[in-house]
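Thanks for asking me to look this one over. Here are my notes, point by point, for you to follow alongside the model.

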Amino acid sequence: MFNSIKHSLKYNPSKFGYQLLAQFSAETTVKSDPTPRECSRKSFSHAICGQPTPLTHPHLIKHGEVVPGISLQELRRRRSKLVENITQEKHAKDRQQIVVIPASSKVYMSDKIPYVFRQNTDFLYFSGCQEPDSVLVLTCKEDKFSSVLFVRPKDQHSELWDGPRTGVEMATEMFGTDHALPVTQFEQFLALLLQKDEKSIVWYDHADIVQPILHKKLCQLIKLTDNQIFASPKTLFHQVRLIKSACEIDLMRKSCEIASEAIRKTIQSSKSGMSEHQLFATVDYECRMNGAEYLAYPPVVAAGKNTNIIHYISNNQIIQNGDLVLMDAGCEYHGYSSDITRTWPISGKFTPEQKVLYEVVLDVQKDLIDSLKALPSLDKTFRYMCVLLGKKLQDVGLIPTNISEDKVLAAAYTYCPHHVSHYLGMDVHDTGNISRSIQIQPGMIITMEPGVYVSPNNPYAPPHFHGLGIRIEDDILVTENGAEVLTKNCPKEVTEIQALASQNQGC
């Protein structure tokens, strides 16, 4: 295959597209702050593209934005920051760096019936393109780089069935890349780049395969390089994504507001005899009716003993009088996710045991949020949670007072066997390659989610607490002045929760 590719490129380069791209001269300096092209862009403003535009969806996209809330200028800054980070890697000196970021492909549940499409968030973050099967390629050396977006070409038959495509002609204007080519020319384009410079480093996430066919081609093409292995860019992607811009924070605030109100209304409408699935339907409906595209993840709607199953998503049980309901739900709003957990008594009033445990979890969460002023790591926050939870559970009789400190911490972990925090953003468990051992910084968004789950198998647990499960989770923006709770509108005080949960009891 490679001999034929090299032969074709050597003797007939025009067969594969623009000769300009065959030479692919780097044009843009890494450390500059690129200014956007003129946003009026007459040809673009009258085109029907493969995703919403200010012309077709003025209720979603403002003038100058590529996706809701995100401007062309911001997308260019993101790409510039990524390339700047890559060129600072120790093995990048004097070597061409090629970054390949594929879009997701459609996934089908059965013949011709697709699942709801969700874009690869790394690709979306750096390109702004919502179309499947595209590829963003950044090529850089020292302080210069250039960008190429490979997209599906216009096709009347395909567009009849699946809707408009942006096409090659409009892609550079819409997404602000230096060049655009049909995705069918990606293989030949990359082969030429590697043929010209076999010392190139190819950055490609080969562990998380989003386009299987493209992946197979890349695994063959990498053999054209000297080292014949990919460099993983995932951590570098996530380092850029970790600190949210002002635009991203605005989108996250809205996502949190929508989910907070949806959960509030769900608590308000709940009563015994309903099914967990009905509460699932309520929170889903309320999120969508207020602007969210869909829920950010399959929600936990757990009643009674199901609250002890941390990732319970069956949501198919009838809620009995006296049960606690634990709902872990969030929405995705224009690509940004919220993640909230609330626990309430279906009868409208906590039992004494339920109230004791609820107040333990609430007090621990408040202390943990206050501790963020010191900008600890998430791992340090988790250890602090175990200390706080252990002490408070001793106070209420769920952990003995006559055991060593180490055993208290271990006992606290048996009651809350999950981490207390994770990063949040475009993905619910956002920037997963970033260690939770690093100190948090202003601009990060994190969760705070202590819980207590009283299993009958826990040797410390008194029988009258068995089967109770409580978690309280909020989304937090880290600022220079401490924590801003983005989900503050979602009630969690005992009096608020009981008042809300009582409103549908007589209906």
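1. Which residues in α11 meet which residues in α16? Please keep in mind that this is a predicted model. From α11, the residues taking part are Arg264, Ile267 and Gln268. Their partners in α16 are Ile497, Leu500 and Ala501. Sorted by class, the contact of α11 with α16 has 4 nonpolar, 1 polar and 1 charged residues.

2. Now for the geometry of that pair. Two packed helices are described by the angle between their axes and the distance between the axes. Helix α11 spans residues 246–269 and helix α16 spans residues 494–501; their axes come within 6 Å and cross at roughly 60 degrees. The angle of roughly 60 degrees therefore makes α11 oblique to α16.

3. Helix α8 covers residues 186–196 and helix α9 covers residues 212–221, with axes that come within 11 Å and cross at roughly 20 degrees. Angles under 35 degrees count as roughly parallel, so α8 is roughly parallel to α9. The crossing of α8 and α9 is right-handed.

4. Which side chains would you click on for that second pair?

5. Is Arg253 buried, exposed or partly exposed? Its relative accessible area is 27%, so Arg253 is partly exposed. Arg253 and Leu486 are 233 residues apart in sequence, yet their C-alpha atoms are 5.8 Å apart in space. With neighbours within four places in sequence left aside, Arg253 is in contact with Leu477, Glu484 and Leu486.

6. Next, please find Ser275, in the loop between α11 and α12 (276–289). Ser275 has a relative accessible area of 13% and is therefore buried. Beyond its neighbours within four places in sequence, which residues is Ser275 in contact with? They are Gln317, Ile318 and Ile319.

7. Two backbone angles deserve a second glance. Most residues other than glycine have a negative phi. Asn315, although not a glycine, has a positive phi of about 50 degrees. Asn315 sits in the loop between β12 (300–303) and β13 (324–329). With 2% relative accessibility, Asn315 counts as buried.

8. The phi of Thr431 is near 45 degrees, a positive value in a residue other than glycine. You will find Thr431 in the loop between α15 (405–415) and β17 (445–448). Is Thr431 buried or exposed? At 1% relative accessibility, under the 20% cut-off, Thr431 counts as buried.

9. Finally, a word on annotation. An unreviewed UniProt entry carries "domain: Aminopeptidase P N-terminal" over residues 70–211. In the model, the end C-alpha atoms of residues 70–211 lie 25 Å apart. The span of residues 70–211 is 35% helix and 25% strand.

Technical notes. Residues numbered from 1 in each chain as written. Predicted model: local features only at pLDDT ≥ 70, side-chain atom pairs only at ≥ 80, totals over all residues. Heavy atoms only, no water. Axes fitted to C-alpha atoms, helices over the stretch in contact; angles between N-to-C directions. Helix = DSSP H or I, 4+ residues; strand = E, 2+ residues; numbered from the N terminus. Parallel < 35°, antiparallel > 145°, perpendicular 65-115°, else oblique. Contact = heavy atoms within 4.5 Å. Nonpolar A, V, L, I, M, F, W, Y, C, P; charged D, E, K, R; others polar. Buried < 20%, exposed > 50% of the residue type's maximum accessible area, 1.4 Å probe, protein only. UniProt positions renumbered as here; feature names shortened; annotations may be inferred. Left-handed = near helix turned anticlockwise from the far one by under 90°.
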